[in-house]
Amino acid sequence: MNLAIELSAVVVTVKDNEALVLCLNLPKGGAAFALPSGPFVPQNHRTFDLALRAFVREQTGFDIGYVEQLYSFGDDGRQGIAATAPEDVRAISVGYLALTPQAGFQARFDATWVPFHRFFPWEDWRKGEINPDLEALHPALSRWCEAADSAQERALRLRRVATLFPEDFDNWNEERVLDRYELLYNAGLAGEACRAHGEAGMSLYGGEPMASDHRRILATGLSRLRGKLKYRPVIFELMPERFTLLELQKSLEALSGLRLHKQNFRRALERTGFVTPLGIMREDTGGRPAELYSYDQDQFRFGPSLGLSLPRA
């Protein structure tokens, strides 16, 4: 069997307090969205990075900035999106994470910015410790546990559900986006699982499906980003040159899916030295004027490798 390499991009931005991902609009029928992607042709592209940037520019009209490689996806049965391949060719996808502060960018008519919660609605806890999307999943997950073939398998399923989809918010781990999606896939609650098994219709529980295994790639990207926020200042790749502290907090909340404690967040931010006050006030806040800040890149260049604390409200 021959191999074909496909490159896929998870391009993330934040706009109006929502984390968005750049998607291609697909023709009606099946999944509505796919990630920008395309085949790697060594004769045309010197590196994966250059090929990826070319695909995103060609398919969306957008030039990406910060890029890092995520993971390689090669499960049996996956199919490429950007190019048709013979049945005897196995498609391997190399996923990338790209961040941009250009929230005002208008994608081409065949591409659009889509909120993360369309694909992973249960990941958003910003409204408080009650998560209605998660509550809607629990009965279906309970039925999946009870349908196990043995008591041992049932116990294993119950443990996985309790770990990844806890009813107690204090035990919620926001970084395990991929693990939660894969559990839903295994339980037949993700639309992609229905599609893979040739079942009619799509799951009503597991968020909006994407083409091929692109939602799994997207889950990998969101998991990586949420973890990286805590040990690298990547959030500033998504911020404009000047911002208020509240805008910074709201951007972190949108990405993490958590509500943050305002005072504790600002105390932790002050300890990092990452931001510098500009002595300029913004009047259009809808309330009291707020001071503008900028990211101090020298602090990161010459200081220890740190991210931002995410103290929950």
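Which residues does Asn186 touch, not counting those up to four places away in sequence? In this predicted model, Asn186 touches Trp144 and Arg160 under that condition. The residue belongs to helix α4, and its relative accessible area of 47% makes Asn186 partly exposed. Asn186 and Trp144 are 42 residues apart along the chain, and their C-alpha atoms are separated by 9.5 Å.

**Overall composition**

The protein contains nine helices and nine strands. Of its 313 residues, 47% are buried. Among contacts with a separation of 6 or more, 68% join residues 24 or more positions apart.

**Helix packing**

Two packed helices are described by the angle between their axes and the distance between the axes.

| Helix pair | Axis distance | Crossing angle |
|---|---|---|
| α2 (residues 132-146) and α4 (residues 177-186) | within 11 Å | roughly 55° |
| α2 and α3 (residues 151-164) | within 8 Å | roughly 155° |
| α4 and α6 (residues 214-228) | 7 Å | about 150° |

The axes of α2 and α4 cross at roughly 55°, and the two helices are therefore oblique to each other. Their crossing is left-handed. On the α2 side the contact is made by Leu137, Leu141 and Trp144, and on the α4 side by Leu183, Leu184 and Asn186. By class, these residues comprise five nonpolar, one polar and no charged.

With a crossing angle of roughly 155°, α2 and α3 are roughly antiparallel to each other. Here α2 contributes Leu141, Trp144, Cys145 and Glu146, while α3 contributes Arg154, Arg157, Leu158, Arg160 and Val161. The contact of α2 with α3 has five nonpolar, no polar and four charged residues.

Val177, Leu178, Arg180, Tyr181 and Glu182 of α4 meet Arg215, Arg216, Ala219, Thr220, Leu222, Ser223 and Arg226 of α6. This contact divides into five nonpolar, two polar and five charged residues.

In soluble globular proteins, nonpolar side chains tend to be buried together. The largest nonpolar core of this model has 64 residues, of which Phe165, Ile235 and Leu248 touch the most other members. Helix α2 gives the most to this core, with six residues. A second, separate core has 17 residues, including Val11, Ala51, Phe55 and Val67.

What surrounds Phe165, leaving aside its neighbours within four places in sequence? Phe165 is in contact with Trp122, Leu134, Leu137, His138, Leu141, Arg160, Trp172, Arg180, Leu183 and Leu184.

Not counting residues up to four places away in sequence, Gln249 touches Leu260, Lys262 and Phe265.

**Positive phi values in two loops**

Most residues other than glycine have a negative phi, and most peptide bonds are trans. Asp16 has a phi near 50°, a positive value in a residue other than glycine. Asp16 is located in the loop between β1 (2-15) and β2 (18-25). With a relative accessible area of 66%, Asp16 is exposed.

Ser212 also has a positive phi, near 50°. Ser212 lies in the loop between α5 (191-196) and α6. At 19% relative accessibility, Ser212 counts as buried, because the cut-off for that class is under 20%. Asp16 is therefore exposed, whereas Ser212 is buried.

Technical notes. Residues are numbered from 1 along each chain as its sequence is written. This is a predicted model: local features need pLDDT of at least 70, side-chain atom pairs count only at pLDDT 80 or more; totals for chains, interfaces and linings use all residues. Side-chain values use heavy atoms; hydrogens and water are left out. Axes are lines fitted to C-alpha atoms, for helices over the stretch in contact, and angles run from 0 to 180 degrees between N-to-C directions. Helices (H or I, at least four residues) and strands (E, at least two) are DSSP runs, numbered from the N terminus. Angles under 35 degrees count as roughly parallel, over 145 as roughly antiparallel, 65 to 115 as roughly perpendicular and the rest as oblique. A crossing is left-handed if the near helix is turned anticlockwise from the far one by less than a right angle, and right-handed if clockwise. Contact means heavy atoms within 4.5 Å. Ala, Val, Leu, Ile, Met, Phe, Trp, Tyr, Cys and Pro count as nonpolar, Asp, Glu, Lys and Arg as charged, and the others, Gly among them, as polar. A nonpolar core is a set of buried Ala, Val, Leu, Ile, Met, Phe, Trp, Tyr and Cys residues joined through side-chain atoms within 4.5 Å. Buried means under 20% relative accessible area, exposed over 50%, partly exposed in between (1.4 Å probe, protein chains only).
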